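Thank you all for coming. I would like to take a few minutes to walk through one structure with you.

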Amino acid sequence: MAKQKEVYFCKECGYESSKWMGMCPACRQYNTFVEEKVRETKSGKTKSIMDRPRPASLKNVSSAEETRIHTHIDELDRVLGGGIVKGSLVLVGGDPGIGKSTLLLEMCRNLVKEDVKVLYVSGEESMSQIKSRAVRLGITAGSEMEERLMLLSDNDLDNIEQSIEELKSEIVIVDSIQTIESSNLDAAPGTVSQVREVTSRLMQIAKGMNCAVFIVGHVTKEGTVAGPRTLEHMVDSVLYFEGDENAGFRLLRANKNRFGSTNEIGVFNMTDSGLEEVNNPSQMFLTGRPKGASGSAVVSTIEGTRAILVEIQALCSDSSFNMPRRTSVGLDYNRVNLLIAVLEKRANMSLSGCDCYVNIAGGMRINDPSVDLGILCAIASSFRDRAIPEDMVIIGEIGLAGEIRGVRNVVQRVKEAVKLGYSRVIVPASNRSKELDGLDAEISYVSNIGDALSVI
């Protein structure tokens, strides 16, 4: 007979303990332990010596490329690394209402057209609710599509596994992981033990049946996937769907990907009829840029394999506080403070009595150091109340000595600027090359911030 025991789990990392502790010894977080009742079961299954896996040398292991299924959503395929890998487990996270279910349902629409067997499992919505959303997205346009796309509204993991076996599904979507429960545990759905157990079972299903499983995860107020941190370690890929609720665009970013790069992003536009791909993100991010306004600079950043132009806005105003305020949106706060200090020291600008606000228009988040010079020029432009030329793109990394360091893929960045109609580009002097000189643009090579400020 199964036995019950009371254990304590850390909500952050999933560490298990037989007693409550104020601080988790694994992740060093305080007040994260929760009490749960776990039922122990004995399967009674044993493996003979012949059935046990044996070690093999690397030479004798065959290397076969992963079989990928194209979703025919270019932005999604790019983030996944070229398509869906069979036998993979993908976690999709994002704020409520951001469009996770819509994106996955549109993916199902394209897959069923290619005769791919798809099972959509929802623990939150009824089948009629999913059908109404499918009608809005145009999935019910043909009778064949309606017959191929299978729906299941259930919370029982055992029933879900049985349905996958009967249908021999190639793609499975579970929405969401916090609503599914396993009969092996007595804990409520969404608890640490249930999320970990359900994810482990789904991983075994994906590997054993060679089907790709997408699981939708809720996020906390900090923006991370709810549940233990081990959830992200167990899956093959972690995709975050993010964006401003007041804006129409959405960004799909890979925080982890065992089958591709984590630098790629997918850009979508939310409309009444669903999500639309944005093939030219630079043009979208620069839409509505003010003309002749000070504090506005266009920079070029690299996201994966493509260059994207974005607008950086800065505002300097006299401070009414003893300590001036420093605020940044979309950029590292400490990095902005560092650049302000360099501007004060190396360019003799007195910003100690000014409040400085720096923002990336459109809600983009950038960690690329090549936008340092653009941030610095935007702040200087606002402080001097002198507008930067509208046809200028600024590229460069700033050092503490005020020098401008070279950046990678500078030719690709300049080509993107020229394609969008920008005729003047500021580039680090160390990136000078014959290929840049041959482009149809007026390129200014600068070696320090003094040279850059004299150009703008």
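This is a predicted model: local features need pLDDT of at least 70, side-chain atom pairs count only at pLDDT 80 or more; totals for chains, interfaces and linings use all residues.

The part I want to show you is an open sheet of seven strands with mixed pairing, and if you follow the strands across it, the order reads S17-S18-S16-S15-S19-S22-S23. Which strands stand at the edges? They are S17, residues 326–329, and S23, residues 442–446, and because each has a single partner strand, one side of each is left without a neighbour in the sheet. On average, with direction ignored, neighbouring strands here are turned by 25° against each other.

As an example from S18, aspartate 355 is the bridge partner of serine 317.

Now to the helices. Helix H9, residues 333–347, packs on the sheet where it touches S17 and S18, and its direction makes about 125° with that of S17. Helix H10, residues 372–384, also packs on the sheet, touching S15, S16, S18, S19, S22 and S23, and its direction makes about 35° with that of S16.

Finally, the asparagine. Asparagine 431 sits in the loop that runs between strand S22, residues 424–428, and helix H12, residues 434–437. Is asparagine 431 buried or exposed? With a relative accessible area of 14%, asparagine 431 counts as buried, because the cut-off for that word is under 20%. Leaving aside neighbours within four places in sequence, asparagine 431 is in contact with Gly406, Val407, Val410 and Leu436.

Technical notes: Residues are numbered from 1 along each chain as its sequence is written. Side-chain values use heavy atoms; hydrogens and water are left out. Helices (H or I, at least four residues) and strands (E, at least two) are DSSP runs, numbered from the N terminus. Buried means under 20% relative accessible area, exposed over 50%, partly exposed in between (1.4 Å probe, protein chains only). Contact means heavy atoms within 4.5 Å. Two strands pair if DSSP finds at least two bridges between them. Axes are lines fitted to C-alpha atoms, for helices over the stretch in contact, and angles run from 0 to 180 degrees between N-to-C directions.
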